[in-house]
Amino acid sequence: MTEKRRVEIPSFLTVRELAELLEVSPIDVIRELMSNGIIANINQQIDYDTAAIVSEEMGFESAVPAAAEADVEDGAAELPEWRQILRQEREESLQERAPVVTMLGHVDHGKTSLLDAIRHTEVQAGETGGITQHMGAYQIRYNGQSITFLDTPGHEAFTAMRARGARSTDVAILVVAADDGVMPQTREALDHARAASVPIVVALNKIDRANANPELVKQQLSELDLTPDEWGGSTMVVPVSATTGEGLDDLLEAVLLVAEETDIRANPAGKVFGTVIEGRLERGRGVVATLLVQNGTLRVGHAMVAGTVPGKVRAMFDYVGEAIVEAGPSVPAQVMGFGSVPVAGDLFEVVSNEKEARAIVEERNLDQAAAAGPREGFSLDEILARFQAGETKTLNLIIKADVQGSVEPIVNSLEGLAHDELAVNILRADAGGITESDIMLARASDAVVIGFCVEPDAAALRLAEVHKISIRTYDLIYKLIDDVDQALQGLLEPEYGEVVIGKAEVRAVFRVRRAGLVAGCHILEGEARRNAEARLWRGGQAIWEGSVSSLKRFDEDVREVRSGFECGVGLEGADDFRERDTIEFFVIERIN
Ligand SMILES: Nc1nc2c(ncn2[C@@H]2O[C@H](COP(=O)(O)OP(=O)(O)OP(=O)(O)O)[C@@H](O)[C@H]2O)c(=O)[nH]1
Ligand SMILES: [Mg+2]
């Protein structure tokens, strides 16, 4: 038997591209698709699964491209790390757990509102400007079944949070406003969900709006290969309104239905691990981290490690703030007891004791240091040296934010601001209040301290006053970015140029005692100014250029003369005026 030819098929491709790959006629591909019940034209996109079926039936062995293959084990495409660890649990120890559902979508499409409507609370109204800036975790009960929800922000700055939200979840709800349709972060969120192999339910929100156009949005969804099931596709698209509550039951039913198709189990008695959803420094409470337990049961007193942060669970709270002593699979818990703020998105695990936690951290730190090597161009000394040598023009910044999850989007957005020759240098970016140490660093590096939802403490304020260090605080990320942008503009080397302010025609020439030769002029346009520069034109040629030495109306010295008026103009050192010459007045101004 001849061996099947192997073809590498990308996640999405058109019928034409598949035909080219297989070196067959597109007609044959279309015919094969039809025999599988799929009516497609030559330019239509099909997904990997469909393409794989067709190519297999046409006698090929299909495979994902080599680059993607590294991440694929046993046919499970890019399983998030926690799922891979979970596979080490024995089958018989696995029990049902609450599905974890992440709200994803473009800014303002109603993710938080939907979640509030589901929970009957009012978080959305309480957020600054109604814009979600970190990740929230909640648990609800629906028809006797628990469901864990993660809320993510839709603003473009928060890519990493959406990616983390998609990776930590069982089901993604892609929220699309029916009056706005598919937008950039809708696509981005979809990519994250697909990259994490997470099933998607679409919530077509705001259908109460008069300008809602659900049919158009469904069309857009189809183009993203999210064809609604009512149109013969396989995506559940549920029309809802967070405002009226319409469709919420259908949405939850759809989510539970989709969840049935995935493995939503864990071992409550197994190895305790999960994902850091959020970490923050709270006044009076210290480090508080929101952890989503994904396997095992986290208990007060457990020693733990999250990334390179060791800790011990001193107290735990559920999402409404009630103290709890344990949290099992799918339970989001606010945990106190980490040594510093853990990084959102990192995995955490319980270890046997604090000593082991510290040992693991030490090892990881060593590994990281070895892997990172000396960091090019990021050492403070280096930046300072270059700055002092005038080699770079940089704005040095120290960023402090309330939660770890905000640090990253702020840093990313700020780094994206760099103008041609100007760099933004972030010397420190951490979660936590503004302290003396930040001010000292700022002083040493001529940096500006920026606080996001945090304030300087009294000692820091004092020190900042003494050393005249500027501290700016914000509670909206966009204002922060705007301000820094403005500051950067201010740092730009100013550029000066000529701005013509007026033109005059010489109508008579006088010789005046002491003032010398004076041109009797009529201002044709704009104005003449005493402190302006001027250029004398004759027959299309500039014959003189210099400063205005006198400007008079009748006998009086004046500062300016507007168009339509007569005046006497003296030009420094010019002694050759003729009738019909023109004088152009200009000033040198900053033009950027
Ligand atoms: N009419 C109507 N308005 C809605 C609906 N859902 C949300 N809104 C409004 O849309 C705006 C944005 O809602 P949010 O819930 O904050 O949107 P979001 O997706 O969480 O926004 P980010 O978290 O910033 O990405 C608010 O003014 C809501 O009142 C809805 O179903 N109908
Ligand atoms: Mg929101």
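**Figure 1. Buried residues of helix 8 in the predicted model.** Helix 8 covers residues 159–167, and its buried residues are Met-161, Arg-162, Ala-163, Arg-164, Gly-165 and Ala-166.

**Figure 2. Thr-290 and the residues it touches.** Thr-290 is part of strand 14, which runs over residues 286–295. With a relative accessible area of 13%, Thr-290 is buried, because buried means under 20%. Leaving aside residues up to four places away in sequence, Thr-290 touches Thr-275, Val-276, Ile-277 and Glu-278, as well as Ala-137, Ala-333 and Gln-334.

**Figure 3. A patch of negative charge on the surface.** Five residues gather here: Asp-208, Glu-246, Asp-249, Asp-250 and Glu-253. One of them, Glu-246, sits in the loop that links strand 11 (236–239) to helix 11 (248–260). Glu-246 has a relative accessibility of 46% and therefore counts as partly exposed, since that class lies between 20% and 50%.

**Figure 4. Asp-225, a residue with positive phi.** The phi angle of Asp-225 is near 65 degrees, a positive value in a residue that is not glycine. Asp-225 is found in the loop between helix 10 (214–223) and strand 11. Its relative accessibility is 23%, so Asp-225 counts as partly exposed.

**Figure 5. Arg-580, another residue with positive phi.** For Arg-580, which is likewise not a glycine, phi is near 80 degrees. Arg-580 belongs to the loop joining strand 32 (566–571) and strand 33 (582–590). Arg-580 is exposed because its relative accessible area is 63%, and the exposed class begins over 50%.

Figure 6. Among contacts with a separation of 6 or more, 69% are between residues 24 or more positions apart. The accessible surface of the protein is about 29400 Å², and carbon and sulfur atoms account for 47% of that surface.

How values were computed: Residues are numbered from 1 along each chain as its sequence is written. Chains are lettered from A and ligands numbered from 1 in the order in which they are written. This is a predicted model: local features need pLDDT of at least 70, side-chain atom pairs count only at pLDDT 80 or more; totals for chains, interfaces and linings use all residues. Side-chain values use heavy atoms; hydrogens and water are left out. Patches are made of residues with over 30% relative accessible area and no salt bridge: like charges are joined within 9 Å, nonpolar side chains (Val, Leu, Ile, Met, Phe, Trp, Tyr) within 5 Å. Accessible areas come from the Shrake-Rupley method with a 1.4 Å probe; for residues, only the protein chains shown count as cover. A salt bridge is a side-chain nitrogen of Lys or Arg within 4 Å of a carboxyl oxygen of Asp or Glu. Lys and Arg count as positive and Asp and Glu as negative; His and the chain ends are not counted. The place of a charge is taken as NZ of Lys, CZ of Arg, CG of Asp or CD of Glu. Helices (H or I, at least four residues) and strands (E, at least two) are DSSP runs, numbered from the N terminus. Buried means under 20% relative accessible area, exposed over 50%, partly exposed in between (1.4 Å probe, protein chains only). Contact means heavy atoms within 4.5 Å.
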